[in-house]
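Try each task before you read on.

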Amino acid sequence: MQIKIAPSILASDFANVGETVRNLEASGADLVHCDVMDGNFVPPITFGAQMVKAIRPHTKLPLDCHLMVLHPETHIEDFARAGADIITVHAEACDIPALFREIASFGVKKSAVINPDTPVGKIFPAVDEGADMILLMSVRPGWGGQKFIHETLQKIETLRNYCVARGKPDLDIEVDGGITEENVKDVIAAGANVIVAGSTVFRAADMVATIRRLRG
Ligand code: DX5
Ligand code: ZN
């Protein structure tokens with residue numbers, strides 16, 4: 001499967017986000033991961049659709065919008081109109097089938113995510129609802145720079161097996177949080193193919209080489 005690298009701009013300099021996404025594109029990234037936090041679903045507040053709109057003209061890379069918000073249903077239209085290519089909603093925060101219908105109505109790819117403490121079976125219905133991608137959190141959402149939760153590897157394997165059993169062996173499985181050049185091999189071997197990396201990419205001395213090495 002094609003391995004895609006999705007650097008999270010959460011770890012970047014918010015004063016220069018346009019330049020950041022241009023650099024990411026030039027450095028070989030495949031997606032731009034946008035971590036949207038509302039101060040309710042998770043304690044911090046980051047940014048909203050206005051930021052997505054602002055960076056849209058600076059890159060052709062797909063904008064992968066991870067909505068860590070309560071009531072995501074009230075924000076889908078704004079993110080779609082701002083230029084999101086993929087919208088990921090938390091199974092803990094909404095009714096997935098209804099949100100998928102809303103996201104698809106704007107021609108945007110639909111994705112669902114679960115937190116580390118949520119059993120992997122809770123995301124299976126989203127596979128059957130036609131998800132374009134499934135995201136598994138490998139840290140508790142809210143902050144970059146945390147340690148990868150090892151138990152995620154088993155969840156990735158279980159989810160990949162479920163996708164195979166349901167006739168969707170190539171479904172994109174994204175993993176988010178604590179991914180480094182060391183543990184990425186295990187994440188890919190377990191069956192993930194979309195790799196979110198914040199600190200690892202933005203603390204790198206050589207972004208091009210780091211993105212290349214993250215491909216496993
Ligand atoms: C956590 C965010 C992640 C985070 C990843 O709430 O969803 O995308 O920014 O950052 P690192 O790679 O630093 O763990
Ligand atoms: Zn994220």
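**Exercise 1. A loop residue and its neighbours**

Is N193 buried or exposed?

Solution. Before starting, note that this is a predicted model in which local features need pLDDT of at least 70 and side-chain atom pairs count only at pLDDT 80 or more, while totals for chains, interfaces and linings use all residues. Residues are numbered from 1 along each chain as its sequence is written, chains are lettered from A and ligands numbered from 1 in the order in which they are written, and side-chain values use heavy atoms, with hydrogens and water left out.

Step 1: find the residue. N193 sits in the loop between α7 (184-190) and β8; helices (H or I, at least four residues) and strands (E, at least two) are DSSP runs, numbered from the N terminus.

Step 2: apply the cut-offs. Buried means under 20% relative accessible area, exposed over 50%, and partly exposed in between, with a 1.4 Å probe and protein chains only. With a relative accessible area of 2%, N193 is buried.

Step 3: look for contacts across the sequence. The C-alpha atoms of N193 and E174 are 6.2 Å apart, although 19 residues separate the two along the chain. D172 and N193 also have a C-alpha to C-alpha distance of 6.2 Å, at 21 residues apart in sequence. D172 belongs to strand β7, and its relative accessibility of 16% makes D172 buried.

**Exercise 2. The zinc site**

Work out which atoms coordinate the zinc ion (ligand 2) and describe the arrangement.

Solution. Step 1: collect the donors, which are N, O and S atoms within 2.8 Å of the metal (3.2 Å for Na, K and Ca); water is not among the atoms, so sites may look incomplete. H33 (NE2), D35 (OD), H66 (ND1) and D176 (OD) coordinate the zinc ion at 2.0 to 2.3 Å.

Step 1: check the angles. Four donors are tetrahedral if all angles lie between 85 and 135 degrees; four are square planar and six octahedral if opposite donors are over 155 degrees apart and all others between 65 and 115; anything else is irregular. Around the zinc ion, 6 donor atoms subtend angles of 65 to 164°, so the arrangement is irregular.

Step 2: read the spacing. The donor residues follow the pattern H-x1-D-x30-H-x109-D in sequence. Because D35 lies in strand β2 and D176 in strand β7 (residues 172-176), the pair ties together parts 141 residues apart in sequence. D35 and D176 are both buried.

**Exercise 3. Aromatic pairs**

How many aromatic pairs does a search of the whole structure find?

Solution. Step 1: set the rule. Rings of Phe, Tyr and Trp (its six-membered ring) pair if their centres lie within 6.5 Å; planes under 30 degrees apart are stacked, over 60 edge-to-face and the rest tilted. The search gives 2 pairs.

Step 1: classify F14 and F47. Their ring centres are 5.7 Å apart and their planes at 65°, so this pair is edge-to-face. F14 is in the loop between β1 (4-7) and α1 (17-26) and F47 in the loop between β2 and α2 (49-55), 33 residues apart. F14 is partly exposed at 37% relative accessibility, whereas F47 is buried at 9%.

Step 2: classify F124 and Y162. With centres 4.0 Å apart and planes at 0°, this pair is stacked. F124 is in helix α5 (residues 124-128) and Y162 in helix α6 (residues 152-165), 38 residues apart. Both count as buried, F124 at 19% relative accessibility and Y162 at 18%.
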